[in-house]
Amino acid sequence: MDREAELREFVAARGAALSRAAFLLTGNHQAAEDLVQDTYVVLVRRWQKTGALDPEAYVRRILFSRFIDNWRRQRLRELPSAWLPDTEDRDEFDPAADRLTLREALVRLTPRQRAVLVLRFYDDLTESQAAEVLGVSVNTVKSQTRVALRRLRELAPDAVASFEGVDS
Amino acid sequence: MNPLRAALDEMAANIPVYGDLDRAIEQVEHERRRRRVLASLSVAAAVLLVIAGTLIGARALDSSSRPIAPLQEPSAAPLLVEGPLSPGRYRYVLTSSCDDPPTGCPGDAAPPPPLDIELTVPAGWQQLPDYPNVITLADDRSPTEAPDGAALVLGWTNSWVNLYSEPCRSKGAGDPDIAVGPSVKDFVDAVQAHDILEITQPSDVRIGGHPGRFFTLRAPADISGCEFWRPWDPGFYAQGPSNIWDVWAIDVDGFRVLVVANYYPGTPARIPAQLREMVGSITFRS
């Protein structure tokens, strides 16, 4: 089989799973579409250059690192500043006034926290595998998982009640 | 099944398959063709330079030895890592892409190559978590904010920064509307000519052996009417009223690199002094 046919076969087999992961990471269809497309471009470049590639691991690493990099690039243009009115991206949450769905709560996590949860609890990776994908230490994965679960419990207590007991 | 997994599965159910592999292949092919054209042009330019050099050399008949540019040793400085930094020399890799809205690259220009920025960091500073090119005070919980915050922002804008005619902005108020050329002079002249921005008289500087211009810009004392105050893009907004930006616009082998020291009138004087020392210690490697 030629290399392009192999690539097409891989994308046909894994495209749906990648799309689901992209949606869980970004929380919206347009951003997920962009992320998957961006990932394919990087994958094609790499695929054409090298014969030795574990596509499953590689494409996951691209997807997650592009997601975090894109967020960083966006945020770097706007240094954090708590005093500034922040009408669109307001992060404060009044649990008494509102109850978020799990999806709404997920998009309020930091990208890295979201990525850790998806890798650990959706892709079923171990802590060390998740650390490798994200290029961080195992301890970072542990702490980010802990913080992310705690934050989910604060943001969406009703939705989280069903999975109380899950821990890093 | 793990209940969180079940919840995530439910969220991801019925998600369409995203992405278009054919479009990705086409894009990569297009990039490759463009690189080939650029490579051909580079070869042609190199041939012309060789011919010109030969002619000049023959005319000068100068047998004295010419200084040879030193080869760059690989850097031993570690990459900046997020969190508190031990005093020492660090490296940050400035990368630029052409797909960074709202300004993108001019025309079909290729992005500048990655550039290593090395600098010496004194005690008491950190790389701001999640902001790889920002160095702030380590012991400050809101390190960039008024009245006494401070930050060094490494390698910000490149060839395609544009200015806003009205820096007092709200989200979604449009792209920067004053086009700026690619050189250091273009940028500094545009800032100086701006009707609203107030800056000190720009002066010549050299950073890491590269020429540049330096000026200080101060945000207005009252920016309460602005959702944010932002003079150019790509860039960042003022972190508080009277925010002071010491700006070095440096020409690094034809690419404009901006380094900004960010502080306030209330920031203790030793802090801006340390920021300036860090900038003075910068060297570049491409």
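Me: Which side chain does B:Asn262 join in a polar contact of 2.8 Å?
Reply: This is a predicted model. In it, B:Asn262 lies in strand E14 of chain B, residues 255–263. A polar contact of 2.8 Å links its side chain to that of B:Asn243.

Me: Is B:Asn262 buried or exposed?
Reply: The cut-off for buried is under 20% relative accessible area. B:Asn262 has a relative accessible area of 0%. That makes B:Asn262 buried.

Me: How many helices and strands does chain B have, and what share of its residues count as buried?
Reply: The secondary structure of chain B comes to four helices and 15 strands. Chain B has 286 residues. The share of them that count as buried is 45%.

Me: What share of the accessible surface of chain B belongs to carbon and sulfur atoms?
Reply: The accessible surface of chain B comes to about 14500 Å². Carbon and sulfur atoms hold 57%.

Me: Which is buried and which partly exposed, B:Cys168 or B:Cys226?
Reply: Buried means under 20% relative accessible area, and exposed means over 50%. B:Cys168 has 28%, so B:Cys168 is partly exposed. At 7%, the buried residue is B:Cys226.

Me: How many aromatic pairs are there, and is the pair of B:Phe214 and B:Trp248 stacked, tilted or edge-to-face?
Reply: The count is six aromatic pairs over all chains. In one of them, the ring centres of B:Phe214 and B:Trp248 are 4.9 Å apart. Their planes stand at 50°, so this pair is tilted.

Me: Which strands hold B:Phe214 and B:Trp248?
Reply: Both residues are buried. The pair ties together parts that are 34 residues apart in sequence. B:Phe214 is in strand E10 of chain B, and B:Trp248 is in strand E13.

Me: Is the pair of B:Trp232 and B:Trp245 stacked, tilted or edge-to-face?
Reply: The two ring centres of B:Trp232 and B:Trp245 are 5.6 Å apart. Planes over 60 degrees apart count as edge-to-face. The planes here are at 70°, so the pair is edge-to-face.

Me: Which residues form one aromatic cluster?
Reply: B:Trp232 and B:Trp245 are buried. Both belong to the cluster. Its members are B:Phe187, B:Phe215, B:Trp232 and B:Trp245.

Me: Which ring has B:Arg5 over its face?
Reply: B:Arg5 is 4.9 Å from the ring centre. The ring is that of A:Tyr122.

Me: Which backbone oxygens lie 2.9 Å and 3.2 Å from the side chain of A:Thr26?
Reply: A:Thr26 lies in helix H1 of chain A, residues 3–26. A:Thr26 is buried, at 13% relative accessible area. At 2.9 Å its side chain reaches the backbone oxygen of A:Ala22. The backbone oxygen 3.2 Å from a polar atom of that side chain belongs to A:Asn28.

Note on methods. Residues numbered from 1 in each chain as written. Chains lettered and ligands numbered in written order. Predicted model: local features only at pLDDT ≥ 70, side-chain atom pairs only at ≥ 80, totals over all residues. Heavy atoms only, no water. Helix = DSSP H or I, 4+ residues; strand = E, 2+ residues; numbered from the N terminus. Buried < 20%, exposed > 50% of the residue type's maximum accessible area, 1.4 Å probe, protein only. Polar contact = N/O pair within 3.5 Å; in protein donor to acceptor, adjacent residues only side chain to side chain. Areas by Shrake-Rupley, 256 points an atom, 1.4 Å probe, with all protein chains shown as cover. Phe/Tyr/Trp six-rings, centres within 6.5 Å; stacked < 30°, edge-to-face > 60°. Lys NZ or Arg CZ within 6 Å of the ring centre and 35° of its normal.
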